[in-house]
Structure formats: C-alpha cells, structure tokens
Amino acid sequence: MPEPAPEGAQPRPAPERPADAPTTGGEDLNIATEGREFPFPEYLANVITQVKRYFRWNEDTRPKATVYFEITPDGSVRRMRVVESSGNIRFDFAVQGAVETAGNRGEFGPLPDAYAGAFLPVQLEIEPPR
C-alpha cells in the first residue's frame, strides 16, 4: 500500500477516466480514490449520494470544480481543498459546503472495517445537473 502523501503535498489530478480508473460515477459527479485500492463501490456511491444531497446551485451556469478531501475512519472529513477551481468562487464554495456538511453530519459513515488505510483520499469532480 502506498504511503500517505507528506503534509502539504499536492494530490495527483483525477484520472482522465481510463477503463481501469478507480471511479464510480454519479449524475454529473465523478469520484477517484487517488489510485488506492478501495473495493467498496457501495461506500463510494454513498459519498456521491450525500454530496449531491447537500449540493445547492440555482444559477443557469454549469461550472465544474474538483475538490480533494480525506475521509477518516470515523467518516469525518479533513484536509479539504479545491484542486481545480471552476472560476466561480460561489460555485467553489457550494462544492466545499456540500462535502463539509455531509462530513460534519456523519453522512458518509465510518470507513469499512476491511479497509486498512488510515484515511481514504477522495478527489471529486462536481458540475450542476443539466
């Protein structure tokens, strides 16, 4: 298993969705687990569901942003940051707010017991629905 990135290190960009990329898609949401083996698609599907649940965007524009965060064993979120800005600060804040709210409310749930990592690195691309 790869060692966690040193403090302050920048995450790798999300894969360009090759066939073997560790992604689970949702409507207008794509998730990557930073190349770590994470054989729990239902957990990733719940992450997407919860972020969609708290994401609010009522404008006609369709910006897209990518956010990185880590899910700790208890399901909380840490080290969240925008990796690729949409260019619209309100949209970027809405993306971060959705992740933060879901994490603070415990909506992701604890990481699966069978997952040996100290945390789950997640990179999530978000754009509003069409």
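**Figure 1. Overview of the predicted model.** Of the 130 residues of the protein, 44% count as buried. Buried means under 20% relative accessible area, exposed means over 50%, and partly exposed lies in between (1.4 Å probe, protein chains only). This is a predicted model, in which local features need pLDDT of at least 70 and side-chain atom pairs count only at pLDDT 80 or more, while totals for chains, interfaces and linings use all residues. Residues are numbered from 1 along each chain as its sequence is written, and side-chain values use heavy atoms, with hydrogens and water left out. The protein has 2 helices and 5 strands. Both kinds of element are DSSP runs numbered from the N terminus: helices are H or I with at least four residues, strands are E with at least two. Along the sequence, the order is β-β-α-β-β-α-β. Among contacts between residues at least 6 apart in sequence, 70% join residues at least 24 apart. Contact means heavy atoms within 4.5 Å.

**Figure 2. The largest nonpolar core.** This core has 28 residues. A nonpolar core is a set of buried Ala, Val, Leu, Ile, Met, Phe, Trp, Tyr and Cys residues joined through side-chain atoms within 4.5 Å. Tyr43, Phe69, Ile71, Leu120 and Leu124 have the most contacts inside the core. Helices α1 and α2 and strands β3 and β5 each supply at least two of the core residues.

**Figure 3. Close-up of Ile71.** Ile71 sits in strand β3. Its relative accessibility is 0%, so Ile71 counts as buried. Leaving aside neighbours within four places in sequence, Ile71 is in contact with Tyr43, Val47, Ser76, Phe108, Leu111, Phe119, Leu120 and Val122. One of these partners, Phe108, is 37 residues from Ile71 in sequence. The C-alpha atoms of Ile71 and Phe108 are 8.3 Å apart.

**Figure 4. Where α1 crosses α2.** The two axes come within 8 Å and cross at roughly 115 degrees. Axes are lines fitted to C-alpha atoms, for helices over the stretch in contact, and angles run from 0 to 180 degrees between N-to-C directions. α1 passes α2 in a right-handed crossing. A crossing is left-handed if the near helix is turned anticlockwise from the far one by less than a right angle, and right-handed if clockwise. From α1, Gln50, Val51 and Tyr54 make the contact; from α2, Ala98, Val99, Thr101 and Ala102 do. These residues divide into 5 nonpolar, 2 polar and no charged. Ala, Val, Leu, Ile, Met, Phe, Trp, Tyr, Cys and Pro count as nonpolar, Asp, Glu, Lys and Arg as charged, and the others, Gly among them, as polar.

**Figure 5. Close-up of Gln50.** Gln50 belongs to helix α1. At 9% relative accessibility, Gln50 is buried. Neighbours within four places in sequence aside, Gln50 is in contact with Ala102, Glu107 and Phe108.

**Figure 6. The salt bridge of Arg53 and Glu107.** The whole structure holds 5 salt bridges. A salt bridge is a side-chain nitrogen of Lys or Arg within 4 Å of a carboxyl oxygen of Asp or Glu. In the bridge between Arg53 and Glu107, the closest N and O atoms are 3.3 Å apart. Arg53 lies in α1 (residues 41-54) and Glu107 in the loop between α2 (89-104) and β5 (120-126), so the pair ties together parts 54 residues apart in sequence. Arg53 is partly exposed at 45% relative accessibility. Glu107 is also partly exposed, at 22%.

**Figure 7. The salt bridge of Arg62 and Glu127.** The side chains of Arg62 and Glu127 pair at 3.2 Å, N to O. Arg62 lies in the loop between α1 and β3 (65-71) and Glu127 in the segment after β5, so this bridge ties together parts 65 residues apart in sequence. Arg62 is partly exposed, with a relative accessible area of 31%. Glu127 is buried, at 18%.

**Figure 8. Glu70, Arg79 and their network.** Glu70 and Arg79 form a salt bridge (3.0 Å, N to O). Salt bridges that share partners join Glu70, Arg78 and Arg79 into one network. Glu70 is buried at 4% relative accessibility, whereas Arg79 is partly exposed at 35%. Arg79 lies in strand β4 (residues 77-84). Most residues other than glycine have a negative phi. Arg79 has a positive phi of about 50 degrees although it is not a glycine.
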